[in-house]
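Hi everyone, thanks for coming. Let's take a look at a structure together, starting with a helix and the sheet beside it.

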Amino acid sequence: MATLEKIRSKSGLLIVVIGLALLAFIVGDALTNSRNIFGDHTTVAKAGSAKIDITEYQQKREELNRQLEEARRQNPASVANFDTQTLPEMAIQQLIQETLLLNAADKAGIQVTGNLLRYYMLENPGNQDVMRLVQQLNQAGLAVQTPQQAYELIFNPKRNGMTDAQMEPYQRLWLSVENSSKDDIARQIYARLLQKSVKANELDKKALYNDYVNTAQVELAFLPYGTLDAKEYPVSEADLKKIYDEKKNDFKVYEDTKDVSFIAVSIAPSKKDQDDCRALAEKTVKALSDSASQLSKDLKKDGVILTHHALRGSDLPAGAMKEFILNGAKDSVKLVSQNMQGFTAVRVTGRESQVDSIQVNVVMAATVDLGKKVLSQLNSGLPADSITVRFSPDSVVPQLNQWIPLYTAQGATNALPKETLDSLVNAGGKFISINEGAQGMVMASLVKQNAPVTIYEYDEVNYVLGPSTKTVSDERTKLEKFLASNTNAKDFAKNAEKAGYTVQRYSLTQSSPAVPRMAGMNAYYPESRQVVRWVMIDGKPGEVSHIYEAKSATNPVLYAAAVESAYDDYTPLSNPDVNEYLTEYVRRSKAGDKLVAKYSKNTQSIQTAAQAMGVEVKTIDNFRFGQAAGVADAAIMGKINGTKADKKVMIVKGEGGVYVYQVMGKKKENFPYNEEQYAQQYMQQINPNLIQMLMGNSRIKNNIYKFEAGD
């Protein structure tokens, strides 16, 4: 109401604003002007010359979803653990890279025409957009197998018995793919040019060569710091401020960032839930034993699932289940497992002897009429491997001695209907038509069939135990009580442990796909993207969120977060990770100074120093800069490399401990200089980031969470 009153009190100003907006709409491009006045409402992300519109983003998301579904269809295991929460960020990153490269290619005047485009559209098997178009034509009943055949059908419809109107949608689609292919090629050309623009000069290559051929004989002893006592090596706020100012650029951020405290409550089944599960298992086994029919409605409502299987003995799941299926009497039932995850019961339903695979010759014809002619010739004695001699290879395709599995580890394949299989068996080796339609005719003849094997049929009954509605409700009530008593970020973090919660701390940005399970890990809490949205859009420093929930019947999780700080330039010293890192850095530095002073009096020889430090001396015969075994600290490696071979005992502090060393001698290996080898080594070391080269010092502005619904 207060907001409404403010608007009413300023109604004159409101009229002026409306008038200006209408004038902008009338005078110029309405959409463009409205964006200029009120902000760009459709830009999902910006980076350098790249500006990503919401429409482009949505199209990319759809493309990534198609690729994910295709991967799931072809190889489910490869994407079994893929977290779809990462798709929005993947889409934005790909679009930024593609747009930056395309903008640069346009600026460089790269154009794609002629033979290059022809190859990419008609001959390159890697063009998935063209192959997808071929699939669409086949799904529409238009039999084409290659891009060349698709092009001929689409742009010469009358020659192929079609009309211009029928092919017009495919013509538009082909031209769309052609335009996107031009962009792809231009990006690839520019990327190759940009990659080649980064080269090692003669000094670079010679430096790498010299680092390798110039070696030293070094005797070395190393005393690691280990765990350092905070009382012995105290670190003051002044110490931290000084080192933070020195290393501040190490903590630069390139997006708006917020530090949060985060609580995740994974809800497990209660003792009562487990007791109820055991009772349900007994009820299920009794119901299966009493009836050979399907599960009752009550059991299904409780979450019990029955799956019927028909498998070969070699494909049965190992363990108690397999033993029971192999030896159990028909209609017998057994509870084969019961634990914290639920239970599994099995009912044996039968056994039968079946052929599990057959070998066939297959011939495909472009039309049914042609297929009838081919079928007649085959059954008149024409060998199947000579079919393309008698008929055009563009219209018939033989596939000889193909094995068709009728059963796999997953059960019956249903590759052939039973009546088709029976017809093949009864045909006595003759060809028969097994499929006819707009896409032509498919003919097959039986070559060979395996000996029958025993197929075991059984019902597998599973119940996955999850927390009950009451258990989830009780956990939510407990968390709500905690949040009601801890309404600011400081209290949230301070009192969580006393309330039985574990607090995790994260630095989140608009580019965070979700909340990581551990800092720095690419595994995320389920449905935690909604928490990141609240943090980045609504959460202010000091504020605490309401409860978010990852809803799952078996593994529900409750979330709450508190915003500790927000920044857009450098991660502050108050950040726990920065503070901890610098505290340890200062503590190690102080320990190094103390240990160097302590053992400097023992440097008459390296053996004396090593004995005083309680460590052993290690001899490195071929010490090379950048490849020295036993020295992990780059600064120490450089010091050793720059030390004269005067056998003087040196003691220095490193990041991980104190080093004592002496350079006993130096030599130059007799290796030939290979210019190409060191040019490659240079590129491997610098590993140029082409996208960063195009972005320069530009920051990524990611607005994706502004386009996602929140609560």
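Helix H18 (residues 469-485) lies across E4, E16 and E17, running at about 25° to E17. Helix H20 (residues 529-538) also packs on the sheet, where it touches E4, E15, E16 and E17, and its direction makes about 30° with that of E17.

A few words on terms. Contact means heavy atoms within 4.5 Å. Helices (H or I, at least four residues) and strands (E, at least two) are DSSP runs, numbered from the N terminus. Axes are lines fitted to C-alpha atoms, for helices over the stretch in contact, and angles run from 0 to 180 degrees between N-to-C directions.

This is a predicted model: local features need pLDDT of at least 70, side-chain atom pairs count only at pLDDT 80 or more, and totals for chains, interfaces and linings use all residues. Residues are numbered from 1 along each chain as its sequence is written, and side-chain values use heavy atoms, leaving out hydrogens and water.

Now, in what order do the four strands of the open sheet come? The order is E15-E4-E17-E16, with antiparallel pairing; two strands pair if DSSP finds at least two bridges between them. At the edges are strand E15 (503-509) and strand E16 (548-550), each pairing on one side only. On average, neighbouring strands here are turned by 35° against each other, direction ignored.

Let's zoom in on one pairing. Strand E4 (residues 257-266) and strand E17 (residues 557-567) are joined in the antiparallel sense over ten bridges. Here Thr257 stands opposite Tyr567 in E17.
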